[in-house]
Amino acid sequence: MNTPPNPTSESAPVLDTLAEVLRTRRNASPDNSYVASLHHKGLNKILEKVGEEATETLLAAKDAEHGSAEQRHAVIAETADLWFHSLVMLSHLELDHQDVLNELARRFGMSGHDEKAARTP
Ligand SMILES: N=c1c2ncn([C@@H]3O[C@H](COP(=O)(O)OP(=O)(O)OP(=O)(O)O)[C@@H](O)[C@H]3O)c2ncn1[C@@H]1O[C@H](COP(=O)(O)O)[C@@H](O)[C@H]1O
């Protein structure tokens, strides 16, 4: 079994820095900032973008399976858009991205099959 990472010692500097920028945009002017404009439009708009980016990611992934290097790179770009808009969603709800990382760390080494079998009906 893999050794679970310690979420307090593991860090994701890119996510930390981006989350801090997103936090500062919650009260910024929508005229100067795309993120502020999303907050200004509200949760429904943010969720619409998350859904849109999720769809674009899966379409790109379908093309990439037997595709060119360019098509494979498109999956990276679309996934970045999806992660970015998911972070905006968390920020809008005042939820901490670190808690998502902690949840992934908590699951580390736990087989998905075992976890499902242990669920109470
Ligand atoms: N990582 C990103 C990032 N990824 C994607 N995007 C934007 O997300 C938008 C989504 O692209 P689409 O093509 O789906 O959107 P669209 O069709 O133009 O938009 P809609 O009309 O559909 O809403 C584009 O405007 C991208 O530029 C991002 N915008 C900002 N960031 C980060 O957020 C920081 C703050 O950004 P601002 O708030 O704009 O200063 C930036 O410094 C970056 O670090």
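Is His-97 buried or exposed? His-97 is buried, because its relative accessible area is 10%. Buried means under 20% relative accessible area, exposed means over 50%, and partly exposed lies in between, with a 1.4 Å probe and protein chains only.

This is a predicted model, in which local features need pLDDT of at least 70, side-chain atom pairs count only at pLDDT 80 or more, and totals for chains, interfaces and linings use all residues. Residues are numbered from 1 along each chain as its sequence is written, and side-chain values use heavy atoms, with hydrogens and water left out.

## His-97 and helix 5

His-97 lies in helix 5. Helices here are DSSP runs (H or I, at least four residues), numbered from the N terminus. The side chain of His-97 makes a polar contact with the side chain of Asp-16, at 2.8 Å. A polar contact is a pair of N or O atoms within 3.5 Å; within protein, one must be able to donate a hydrogen and the other to accept it, and residues adjacent in sequence count only if both atoms are side-chain atoms.

Leaving aside residues up to four places away in sequence, His-97 touches Leu-15, Asp-16, Ala-19, Leu-87 and Leu-90. Contact means heavy atoms within 4.5 Å.

Helix 5 covers residues 97-107, and His-97, Gln-98 and Ala-105 are buried in it. Seen down the helix axis, the buried residues of helix 5 fall within an arc of 100°, so they line one face of the helix. The arc is that of the directions from the helix axis to the C-beta atoms. An α-helix has 3.6 residues a turn, so residues three or four places apart point the same way. Helix 1 and helix 4 are among what covers the buried residues of helix 5.

Both ends of this helix have a feature to look at. At the start of helix 5, a side-chain oxygen of Asp-96 comes within 2.8 Å of the backbone nitrogen of Gln-98. After helix 5 comes Gly-109, with a positive phi near 85°.

Glu-94 sits in the loop between helix 4 and helix 5. Its phi is positive, about 55°, although Glu-94 is not a glycine. Most residues other than glycine have a negative phi. Glu-94 counts as exposed, because its relative accessibility is 63%.

Leu-93 is in the loop between helix 4 and helix 5. Leu-93 is partly exposed, with a relative accessible area of 42%. Leu-93 and Leu-43 are 50 residues apart in sequence, yet 8.3 Å apart in space, C-alpha to C-alpha.

## The ligand

How many residues surround the ligand? The number is 13, and the closest are Arg-25, Ser-33, Tyr-34, Val-35 and Lys-49. A residue is near a molecule if one of its heavy atoms lies within 4 Å of it.

| Residue | Part of the residue | Distance |
|---|---|---|
| Arg-25 | side chain | 2.9 Å |
| Val-35 | backbone | 3.0 Å |
| Glu-53 | side chain | 3.1 Å |

Taken alone, the ligand exposes 850 Å², and the protein buries 51% of that. Accessible areas come from the Shrake-Rupley method with a 1.4 Å probe; for residues, only the protein chains shown count as cover.

Four helices each supply at least two residues of the shell around the ligand: helix 1 (13-25), helix 2 (34-41), helix 3 (43-64) and helix 4 (69-92). Helix 3 gives the most, with four residues. By class, the shell has five nonpolar, two polar and six charged residues. Ala, Val, Leu, Ile, Met, Phe, Trp, Tyr, Cys and Pro count as nonpolar, Asp, Glu, Lys and Arg as charged, and the others, Gly among them, as polar.

Glu-20 is in helix 1. Glu-20 counts as partly exposed, at 38% relative accessibility. Glu-20 and Leu-87 are 67 residues apart in sequence and 11 Å apart in space, C-alpha to C-alpha.

Asp-31 is found in the loop between helix 1 and helix 2. Asp-31 is exposed, because its relative accessibility is 72%. From Asp-31 to Thr-120 is 89 residues in sequence and 49 Å in space, C-alpha to C-alpha.

Ser-37 belongs to helix 2. Ser-37 counts as buried, because its relative accessibility is 14%. The Ser-37 side chain reaches the backbone oxygen of Tyr-34 at 2.6 Å.
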